[in-house]
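Work through the exercises below with the structure in view. Each task is followed by its solution in steps.

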Amino acid sequence: MAAVLNCLFKSFQWIPVLFINAVIVWSYYAYVLVLCFESVQSPFERAVYLIFYHPFFFMLMISYWRTICASSGLVPSQFFLSRADREALDNGDPKEVLEKISRKLPVFTQTVSGAARYCDICQAIKPDRCHHCSMCRKCILKMDHHCPWVNNCVGFTNYKFFLLFLFYAILYTLYVTATVTKYFIAFWNNSLEGDGKLHVLFLFFVALMFCISLWSLFGYHLYLTGNNKTTLESFRVPHFSYGPNKDGFSLGTAIKNAEQVLGLNKWYWFLPIFTSIGDGVHFPSINQPEQDSLLNDQQRWMEEGELDPQDTHSSDDKQDSITVAIDITSEELVHENEVETQMPYAPRAKPDVLAVQEDDIQDGTAL
Ligand SMILES: [Zn+2]
Ligand SMILES: [Zn+2]
């Protein structure tokens, strides 16, 4: 029974996607077949309308479907607790166990209380900017929000596609509104040719309505991209070992921040191909110079095979690393296909209070 209900619930989640696709396909019919081939009388005007219409249409559809189909970005296996870690978590002090595990991982953000960010559902340390989505039921890398209109989480792997979807949707609706206006006026003057006059009328209203409503959403996401923030981070300031910092991931300029999402090559910025920088786990920062220098020093020590003189847990940690590598369950093997990431030793400030907070676990939002 539970499986049937779950299946029904998952099916219902596709209704908004079907609705948007139905509107886009209908708009194609109304514009191309009704407007251009019935109402537009001039062959030259028809050709110009169709030549400029189709690039907007295809870029919109490709961006939209790439947002829908993109993998939401799985957390690398190193962040998942091993069986030994889970046993230690059950039997020992959770604060110390999680802190010990997270010190081996490249994480700089903490909970408000200074504890390691841990997902109790996925049983994994959360990478920076990663959150658990209650709709997708898994942790999502650089999660922005869960979007019902694409039935997918918008995060590291598809944020560029989502941004381009909004951009091309605005261009598409602007173009349709601009070219249909003349025939919309003709409709009210009773001089419109063709049988599908109501399609032209609705096409104008629908395109205008979407165009106006999408501007605010697109403008907000441009602001977020220019400041290297996610929607979740704009509502909840990320906490670092040195305290909360609303611009903790900003690289200083809007262009540098935009490059993190759109890529270094500006020729690819407007193409729906994945060009975002990074792996969704490591994020450059200009706000943690002290930590970066410490990290580099310790990386150098580890590369030279030297022990960290400040690391009183080094032998324990090494043993744990071996255990993590050997003690891998079949469930964790699913994540072995993820991109291998270097795991530098990341020093963290000692947390004062442990809090695996309920609100930090249920991060799913719907915008
Ligand atoms: Zn999770
Ligand atoms: Zn989600």
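**Exercise 1.** Determine how the axes of helix α4 and helix α5 cross in this predicted model.

Step 1. Helix α4 covers residues 83-91 and helix α5 residues 94-102; helices are DSSP runs of H or I with at least four residues, strands are runs of E with at least two, and both are numbered from the N terminus.

Step 2. The two axes come within 7 Å and cross at roughly 155 degrees. Axes are lines fitted to C-alpha atoms, for helices over the stretch in contact, with angles from 0 to 180 degrees between N-to-C directions.

Step 3. Because angles over 145 degrees count as roughly antiparallel, α4 is roughly antiparallel to α5.

**Exercise 2.** Which residues make the contact of α4 with α5, and of what class are they?

Step 1. From α4 come D85, A88 and L89, and from α5 P94, V97 and I101; contact requires C-beta atoms, placed from the backbone, within 7 Å.

Step 2. The contact has 5 nonpolar, no polar and 1 charged residues. Nonpolar covers Ala, Val, Leu, Ile, Met, Phe, Trp, Tyr, Cys and Pro; charged covers Asp, Glu, Lys and Arg; the others, Gly among them, are polar.

**Exercise 3.** Which residues of helix α2 are buried, and what covers them?

Step 1. In α2 (residues 15-39), the buried residues are S27, A30, Y31, V34, L35 and S39; buried means 20 or more other C-beta atoms within 10 Å of the residue's own, all placed from the backbone.

Step 2. The cover includes α3 (43-69), α6 (159-188) and α7 (197-226).

**Conventions.** Residues are numbered from 1 along each chain as its sequence is written, and chains are lettered from A and ligands numbered from 1 in the order in which they are written. In this predicted model, local features need pLDDT of at least 70 and side-chain atom pairs count only at pLDDT 80 or more, while totals for chains, interfaces and linings use all residues.

Key. Parallel < 35°, antiparallel > 145°, perpendicular 65-115°, else oblique. Contact = placed C-beta atoms within 7 Å. Buried ≥ 20, exposed ≤ 12 C-beta atoms within 10 Å, placed from the backbone.
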